[in-house]
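Please have the sequence and the coordinates open while reading.

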Amino acid sequence: MVDTIGSESGELSGRPRKASWKYIGPGIVVAATGVGAGDLVATLIAGSKFGYTLLWAAVIGCLVKISLAEACGRWHLATGRTLFEGWRTLGSWTTVYFSVYVVIWGFVYGATAMSSSALPLVALFPGFLGLKTWAVATGVVGLVFVWFNRYAVFEKAMTVLVGVMFVVVVYLAVRVSPDLGGALAGLAPALPDGSLFYTLGLIGGVGGTITMAAYGYWVNAKGWTNSGWMKVMRLDNRIAYVTTGIFVIAMLIVGAELLHSTSIALSSGDQGLVDLGTVLQDRFGGPTAKLFLVGFFAASFSSLIGVWHGVSLMFADFVERYRRARAGSADEEGTGGTVSEVVTGQTERSVPFRIYLLWLTFPPISLLFLDKPFGLVITYGVLGAFFMPFLALTLLWLLNSDRTPREWRNGLLSNAMLTIAGLLFIVLCVEEVRDLLM
């Protein structure tokens, strides 16, 4: 039961009397967007190299993501402000960083997402269309879908894609006959020789991108706009990352059982999932391999349309706040403005939203036909490596200050988890930048 009327997004925007499964949605969206093909490959390779030994790291990683996404959602609901509005109160440096990041990141990510979505289609329909043609097609389909649909339809599509991913990955994990004793033993923390990088990657990498920051925007788009929705948001967030945890554990099982015991190596990057399809065909036959490729496509395409929608919302908010600041009428108290606009769907129709959609789709096509410029790739990697520490540390700052109502500020547990997340992402950032520069 809810006390007030509904919003244009199709959700009730008052105060629910209790958290209920019927309200969940934004968490599924952020989990589906964050877990892409690259994350599945990283998990597979960790399982192939170390068996079940790093299972505990996957579980801790889910707890870290729960704390980060909860903090993003809590900021939006407790303050009535968007996350970018919060960043602006920390100084103009946040605007400079985000403006450079979102332009370069979107340019390179667009090509990456389209290529990732095209790979399973090429394998499913050999000889029909080439990789580049499929890649352009997936990008354009994603653009058209997000351009003409609002959040409610977008969420339903993401839920279907998550369902496909879940069924396929769990089916594969069961099919390879997991060693339950070995899996349980893998919950005990251990660091085999040479496993530190893979451990940090499992904890920090899976489901950890700019789309975590988009969670608060999707919460508002759902129609949740005040602290009365806090319990619902927390239930939604936990369900989402428990689901993510099941994905990760299932892929680790597949890596441990199918690859570790037979010493089969996969290619790095998304091509590794195509390699796995070949292994599955040899082991279980064509239907299982094709089913896996369908799941691979669901994982890749859900990330594509999730970014097309979520990061476009963030960009539209960024432009709106910048415009108001330049006009000298910035809404420093957070009353009115972008949060209500997101809920009514105005932001999804705005010019900045659609400009960023076009930016994600058409300029990156050039990278599909040319080698990626070295300097651009380095800049993209460095900016991307800095984003998660930026998110964790700014959330710590915002949620421990008087910018947040006292009852919704961080407690000891939230501070501990965000601090751990910040330190973890700083280490990962240093490692990634070092690898890029070398």
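This is a predicted model: local features need pLDDT of at least 70, side-chain atom pairs count only at pLDDT 80 or more; totals for chains, interfaces and linings use all residues.

Residues are numbered from 1 along each chain as its sequence is written, and side-chain values use heavy atoms, with hydrogens and water left out.

**Overall fold**

- The protein has 18 helices and 0 strands; helices (H or I, at least four residues) and strands (E, at least two) are DSSP runs, numbered from the N terminus.
- Of the 438 residues in the protein, 57% are buried, where buried means under 20% relative accessible area, exposed over 50% and partly exposed in between (1.4 Å probe, protein chains only).
- Among contacts (heavy atoms within 4.5 Å) with a separation of 6 or more, 83% are between residues 24 or more positions apart.

**Helices H5 and H13**

- The axes of H5 (residues 92-124) and H13 (residues 286-327) come within 9 Å and cross at roughly 160°; axes are lines fitted to C-alpha atoms, for helices over the stretch in contact, and angles run from 0 to 180 degrees between N-to-C directions.
- H5 and H13 are therefore roughly antiparallel to each other, a label for angles over 145 degrees.
- The crossing of H5 and H13 is left-handed, that is, the near helix is turned anticlockwise from the far one by less than a right angle.
- The contact of H5 with H13 involves 24 nonpolar, 7 polar and 1 charged residues; Ala, Val, Leu, Ile, Met, Phe, Trp, Tyr, Cys and Pro count as nonpolar, Asp, Glu, Lys and Arg as charged, and the others, Gly among them, as polar.

- Beyond four places in sequence, the contacts of Trp308 include Tyr109, Gly110, Ala113, Gly139 and Leu357.

**Single residues**

- His309, found in helix H13, counts as buried because its relative accessibility is 1%.
- Not counting residues up to four places away in sequence, His309 touches Val146, Tyr151, Phe154, Trp218, Glu348 and Phe353.
- Ile104 lies in helix H5 and, at 18% relative accessibility, counts as buried.
- Ile104 and Gly384 are 280 residues apart in sequence, yet their C-alpha atoms are 9.5 Å apart in space.

Terms used:
Angles under 35 degrees count as roughly parallel, over 145 as roughly antiparallel, 65 to 115 as roughly perpendicular and the rest as oblique.
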